[in-house]
Amino acid sequence: MMDRHPLFMPLILVGGVIFGFGLGFSQMARPEVVLTFLTFEDFGLLFVMFGAAVVSGVAFAVMPRIRDAAPLTGDRYERRLKPFDRNVLVGGAVFGVGWGLSGICPGAAYASLGVGNVTILWALGGMFVGAYLQGLWRSRTAARSAAPSSAD
Amino acid sequence: MPDPLVAQTAAELFPNGVSRYAVGGLLVGLGAVVIYVGTGIAAGASTFLESTLSYVSDQSRFQRYVSSRDWRLVFTFGIILGAALFAVTVQSGVVTTSLYQPGTTGRTYELAGVTLWLTDVQPWRLFFGGILVGIGTRIGKGCTSGHGVCGVGSASKTSLVGVATFLAVAVGTAQVVAALGVTP
């Protein structure tokens, strides 16, 4: 494990605390509130998602221009860009069915536990099961597609 | 004096006001910004699921996250801690602000003087929905925080398409489930 700046973990913790407090305050940690948004009874959640994206958008636009590298890691500031392929659509659709059924997404589920909602352990358990199943399947497909080339 | 028609429309679209959502969203964004400014990391919440599985499984898919699994645990612990901090302050009424509307969803209970909250959404919905969330976010390269906050904030086309996809499908699913009479 590489040496990290002594403030690296404390900063991650502080960022997580602010993030979690915000999820509690916005009530996105309550599945009911997410479900009333998805059924068009209360559009307030738009302010959570796009409010957060606007704030982070400023940092993603400004930081690369004013500094070369992050102080605690020395890493370059980059935007969060991921290659587009069919998985984005397939995975997004599967996630959408899950989110629409349960009213909870990963970050909000952690925060939900923090506000006292022990019932959300059902959702967290499910998320680990789902992440494990896809990982098992993808590890096997990766090994299978790697096998012929290593035999050459 | 606001136009009565505008005020009425706003009350219909936002029956709980917008301040709790807007303030909460700003804080969620701020949390992501603190981490990004200090470390250059665009943090997402769902990778934690796979990175934590690397502690107990040798599958190659999880082992690729070994180098980030420790800080992802800290990030998730921070989210739980921050929400707990919200519970002991605002949710418990120790700190009051006109910006926060408590609402009437779910149930509250008291523990050691702290007001805690419980969902009424049925466990089977949470569990099976959770399984699909676990599969979908990992195959789809991100969730509401990775794609929704950091990706959209980066104006990433992949993330915009991802968000549009899961949002549209989630709306459709929630409407169908509600139409079938499943409540809550």
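## B:Arg107 and its partner

B:Arg107 is partly exposed, with a relative accessible area of 47%, where partly exposed covers the range between buried (under 20% relative accessible area) and exposed (over 50%), computed with a 1.4 Å probe on protein chains only. Its side chain meets that of B:Asp120 in a salt bridge with an N to O distance of 2.8 Å, a salt bridge being a side-chain nitrogen of Lys or Arg within 4 Å of a carboxyl oxygen of Asp or Glu. The pair links distant parts of the chain, 13 residues apart, with B:Arg107 in strand β1 (residues 107-111) of chain B and B:Asp120 in the loop between β2 (114-118) and α6 (123-139) of chain B. Helices (H or I, at least four residues) and strands (E, at least two) are DSSP runs, numbered from the N terminus. B:Asp120 also counts as partly exposed, at 31% relative accessibility.

## How the model is described

This is a predicted model, in which local features need pLDDT of at least 70 and side-chain atom pairs count only at pLDDT 80 or more, while totals for chains, interfaces and linings use all residues. Residues are numbered from 1 along each chain as its sequence is written, chains are lettered from A and ligands numbered from 1 in the order in which they are written, and side-chain values use heavy atoms, with hydrogens and water left out.

## Salt bridges in the model

Side chains of opposite charge can pair when their charged atoms come close. By the rule given above, the count comes to 5 salt bridges over all chains. One of them joins B:Glu50 and B:Arg61, at 3.0 Å from N to O; B:Glu50 lies in helix α3 (residues 47-53) of chain B and B:Arg61 in helix α4 (residues 60-63) of chain B, so the pair ties together parts that are 11 residues apart in sequence. Both B:Glu50 and B:Arg61 are buried.

B:Glu50 also meets B:Arg138 in a salt bridge, at 2.6 Å from N to O.

## Two domains of chain B

The domain assignment of chain B, whose bounds come from an automatic or database domain assignment, gives domain 1 (1-118) and domain 2 (121-184). Taken over C-alpha atoms, the centres of these two domains are separated by 16 Å. Their contact, meaning heavy atoms within 4.5 Å, takes 12 residues from domain 1 of chain B and 9 residues from domain 2 of chain B.

The area buried between the two domains of chain B is about 680 Å², of which carbon and sulfur atoms give 60%; buried area is the accessible area (1.4 Å probe) that two parts lose on being put together, summed over both. Across this interface the rule finds 1 salt bridge. There are also 5 residue pairs in polar contact between the domains, both residues being at pLDDT 80 or more, where a polar contact is a pair of N or O atoms within 3.5 Å; within protein, one atom must be able to donate a hydrogen and the other to accept it, and residues adjacent in sequence count only if both atoms are side-chain atoms. On the side of domain 1 of chain B that touches domain 2 of chain B, helix α3 of chain B gives the most, with 3 residues.

## Where chain B meets chain A

Between the chains, 127 residues of chain B are in contact with 110 residues of chain A. The area buried between chain B and chain A is about 10,400 Å², and carbon and sulfur atoms give 74% of this area. B:Tyr21, B:Tyr36 and B:Lys141 supply 7% of the area that chain B buries against chain A, more than any other three residues.

Between chain B and chain A the count is 2 salt bridges. B:Lys141 forms a salt bridge with A:Asp85, the closest N and O atoms being 2.8 Å apart, and A:Arg4 forms a salt bridge with B:Asp70, where the closest N and O atoms are also 2.8 Å apart. This second pair crosses between chains from the segment before α1 (8-25) of chain A, which holds A:Arg4, to helix α5 (residues 69-91) of chain B, which holds B:Asp70. A:Arg4 is partly exposed, with a relative accessible area of 27%, and B:Asp70 counts as partly exposed at 22% relative accessibility.
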